[in-house]
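Work through the exercises below with the coordinates open, and compare each step with the worked solution that follows the task.

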Amino acid sequence: MKAIEFRKYGPPEVLKVVEKNKPAPGPGEVLIKIHATAINSGDWRVRKADPFLVRLFFGLFRPKKSARVLGSVLSGTVEGLGEGVSRFSIGQAVFGMSDLALGCYAEYICLPENAPVVSAPETLSHEEAASIPFGLHTAHHFLKPVPLNKDSRVLVIGASGAVGSAAVQLARMKGCHVTAVTSGTNAQLVKSLGANRVVDYRSESLGDLEPFDLVIETVDRTPNGLLRTLVKPGGHLILVSAGVKDMLLASLRARRWGVSIYTGVASVKAEDMELFRTMIESGEYKPVLEKVYAFEDVVEAHGHAEAGHKQGNIALKIV
Ligand SMILES: NC(=O)c1ccc[n+]([C@@H]2O[C@H](COP(=O)([O-])OP(=O)(O)OC[C@H]3O[C@@H](n4cnc5c(N)ncnc54)[C@H](OP(=O)(O)O)[C@@H]3O)[C@@H](O)[C@H]2O)c1
């Protein structure tokens, strides 16, 4: 099968198209033929080992063998079932995540039966379906514990990215008033996702805004002093893109600032993916797919993702 491998941390050019053996499902595993994956911020962060912590998970000096094929999301078809698998059937169209196990930049993958993979929404192409789980599972993970209702005022910083575009949609689904921070070019996009107000970070100051019940920071460029003033006393702050230092200081800052702070690494379960499928099929949740790249153009696609100005998501077509 064809796959994209990297054997050293570095720029997009470390990614190489290679031939590998097709995997066979062991007991309790499902074999999936992948039709599309997406290039996410998590992928380039692992590729260039940024932050350094990546090396502790995926290999200190170079990516360990199990991490050589990047990619954490897929849309595809079930092609084989290992002994004892009953949750899937041959030919079933599925979408979901391999998550930290990676391996989705390939024609085939074997995943455990309980992986966060479920029937694909009937309304989407494979590229659209693959573009959804990364941003949506992250936004869903962080928004789940926050009490929100139609009176809540929410600020999403980085509202046009994979996570931000999902956060805008989820907050609007709860009836919140959403202020979206993005560049002017993306104003129309975030409005189409339901944002009530758009703030162009290139020409407007966030310091002029009234404090919010919830601030979702996905860009990690907002100074702490400003973040503190943007959240109402007793309000909530989600730091999606926080570095290790800010993660460690979160509970201390939360006490000092008198707010709840949520940070860390998002996780996803099969039941979350079932919920996402329902939201998509009912039309409540829309995919935001900027561009589809050919498999061989993965280097260009990674450059695009790393530049930090994606409009939602970009997908990689596999077959
Ligand atoms: N904690 C976790 O588990 C977790 C999970 C997923 C992602 N993350 C992190 O979350 C961050 C966002 O990820 P992503 O996948 O959503 O990124 P992304 O898709 O690359 O989105 C970046 C977006 O940020 C916008 N942006 C850039 N500079 C901005 C600024 N100064 N103010 C407001 N918006 C700005 C860009 O819009 P313009 O083009 O308009 O500038 C772009 O649409 C990354 O650092 C990623 O590593 C963390």
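## Exercise 1: the largest cavity

Domain 1 (2-132 + 287-317) and domain 2 (135-262) both contribute lining residues to the largest cavity, so this cavity lies between them; the domain bounds come from an automatic or database domain assignment. The model is predicted, so local features need pLDDT of at least 70 and side-chain atom pairs count only at pLDDT 80 or more, while totals for chains, interfaces and linings use all residues. Residues are numbered from 1 along each chain as its sequence is written, and side-chain values use heavy atoms, with hydrogens and water left out.

Task: Describe the lining of the largest cavity by residue, by element and by class.

Solution. Begin with the rule: on a 1 Å grid over the protein atoms alone, a cavity is a set of points where a 1.4 Å probe fits but cannot get out, a pocket is an open set with protein on both sides within 12 Å along at least five of seven lines, and lining residues have an atom within 4 Å of a point. Grid points are joined across faces, edges and corners, and a volume is the space filled by probe spheres set on the points. The count by this rule is two cavities of 30 Å³ or more, and the largest has a volume of about 50 Å³. Of its 13 lining residues, Ser 131, Ala 162, Ser 165, Tyr 285 and Asn 313 are the closest to the centre. Helix 4 (133-143) and helix 5 (162-173) are the elements that give two or more residues to this lining, helices (H or I, at least four residues) and strands (E, at least two) being DSSP runs numbered from the N terminus. Helix 5 supplies the largest share, four residues. By class the lining has seven nonpolar, five polar and one charged residues, where Ala, Val, Leu, Ile, Met, Phe, Trp, Tyr, Cys and Pro count as nonpolar, Asp, Glu, Lys and Arg as charged, and the others, Gly among them, as polar.

## Exercise 2: the second largest cavity and helix 4

Task: Find which element gives the largest share of the lining of the second largest cavity, and decide whether helix 4 is enclosed or open.

Solution. The second largest cavity has a volume of about 30 Å³, and the residues lining this cavity include Thr 138, Phe 142, Val 163 and Ile 238. The largest share of its lining, four residues, comes from helix 4. By class, eight of the lining residues are nonpolar, one is polar and none is charged. Turning to the helix itself, 10 of the 11 residues of helix 4 are buried (under 20% relative accessible area, with exposed over 50% and partly exposed in between, for a 1.4 Å probe and protein chains only), so helix 4 is largely enclosed by the rest of the structure. Among these buried residues are Thr 138 and Phe 142.

## Exercise 3: aromatic pairs

Task: Classify the aromatic pairs of the structure.

Solution. Rings of Phe, Tyr and Trp (its six-membered ring) pair if their centres lie within 6.5 Å, and planes under 30 degrees apart count as stacked, over 60 as edge-to-face and the rest as tilted. The structure holds two such pairs. Phe 6 and Tyr 9 are edge-to-face, at 6.0 Å centre to centre with 65° between the planes, and both are buried. Phe 57 and Phe 58 are tilted, at 6.2 Å centre to centre with 40° between the planes. Phe 57 counts as partly exposed because its relative accessibility is 48%, whereas Phe 58, at 7%, counts as buried.
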